[in-house]
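Here is a short report for a first look at this structure. Keep the view open while reading.

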Amino acid sequence: MNGPILQERPASSASWRVALPHSAAAVPVARALVRTALAELEHGADSDTAELLTAELVANAVEHTTGDAPIELVVELLPSGCRVEVHDPDPAPPGDLTTPATGAPDPWQEHGRGLLLIRALSSSCGHRATGSGKAVWFRLPTVPPQRRAI
């Protein structure tokens, strides 16, 4: 070895697939699952950002799809970062995820910023059709651990 290891990375990938209820209760559960997955493996992706973006995807899936079919959360931890997918039963693509909306969101509205956050804070994002609807995803890279003051 030529020097100290600056960043520990998982040697291989790990993934979780969890069915969530089609209700607002899914949001805090999804956040906790992502936080736990990243912490248990001491993964180098930014946990706070992963939680925020996961909450946005799950909240959108609950709000913009009908029925009571479960929403599925898929978390994949890779040596290069993490990928989070949220599967829902609606095949329609999410608006403005990969193409920014024209104009800024209305500052007086409570909605309209989730996809903007996902585009701005993730290293990449997108959606794809599935056999039962669609999957909306984002990726975050690993980041070096903070240096601690001595």
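## Helix over the sheet

This is a predicted model. Helix H1 spans residues 26-40. H1 lies across S1, S2 and S3. Its direction runs at about 15° to S2.

## The sheet

The sheet is open and has 5 strands. Their order is S1-S2-S3-S5-S4, and the pairing is antiparallel. Strand S1 (14-20) and strand S4 (124-130) stand at the edges. Each has a single partner strand, so one side of each is left without a neighbour in the sheet. From one strand to the next, the twist averages 15°.

Look next at strand S2 (residues 71-78) and strand S3 (residues 81-88). These two pair in the antiparallel sense, over 7 bridges. Valine 75 stands opposite valine 84 in S3.

## Two packed helices

Helix H2 covers residues 47-64, and helix H3 covers residues 114-121. They pack at an angle of about 145°. Their axes are 9 Å apart. The crossing of H2 and H3 is left-handed.

Which residues make the contact? From H2 come Thr49, Leu52, Leu53, Glu56, Leu57 and Asn60. H3 supplies Gly114, Leu115, Leu117, Ile118 and Leu121. By class, the contact of H2 with H3 has 7 nonpolar, 3 polar and 1 charged residues.

## Around tryptophan 137

Two arginines lie over the ring of tryptophan 137. The charged end of arginine 83 sits 4.4 Å from the ring centre. For arginine 139, the distance to the ring centre is 5.8 Å.

How many aromatic pairs does a search of the whole structure find? The search finds 0.

Definitions and conventions:
Residues numbered from 1 in each chain as written. Predicted model: local features only at pLDDT ≥ 70, side-chain atom pairs only at ≥ 80, totals over all residues. Heavy atoms only, no water. Pairing = 2+ DSSP bridges. Helix = DSSP H or I, 4+ residues; strand = E, 2+ residues; numbered from the N terminus. Axes fitted to C-alpha atoms, helices over the stretch in contact; angles between N-to-C directions. Contact = heavy atoms within 4.5 Å. Phe/Tyr/Trp six-rings, centres within 6.5 Å; stacked < 30°, edge-to-face > 60°. Lys NZ or Arg CZ within 6 Å of the ring centre and 35° of its normal. Left-handed = near helix turned anticlockwise from the far one by under 90°. Nonpolar A, V, L, I, M, F, W, Y, C, P; charged D, E, K, R; others polar.
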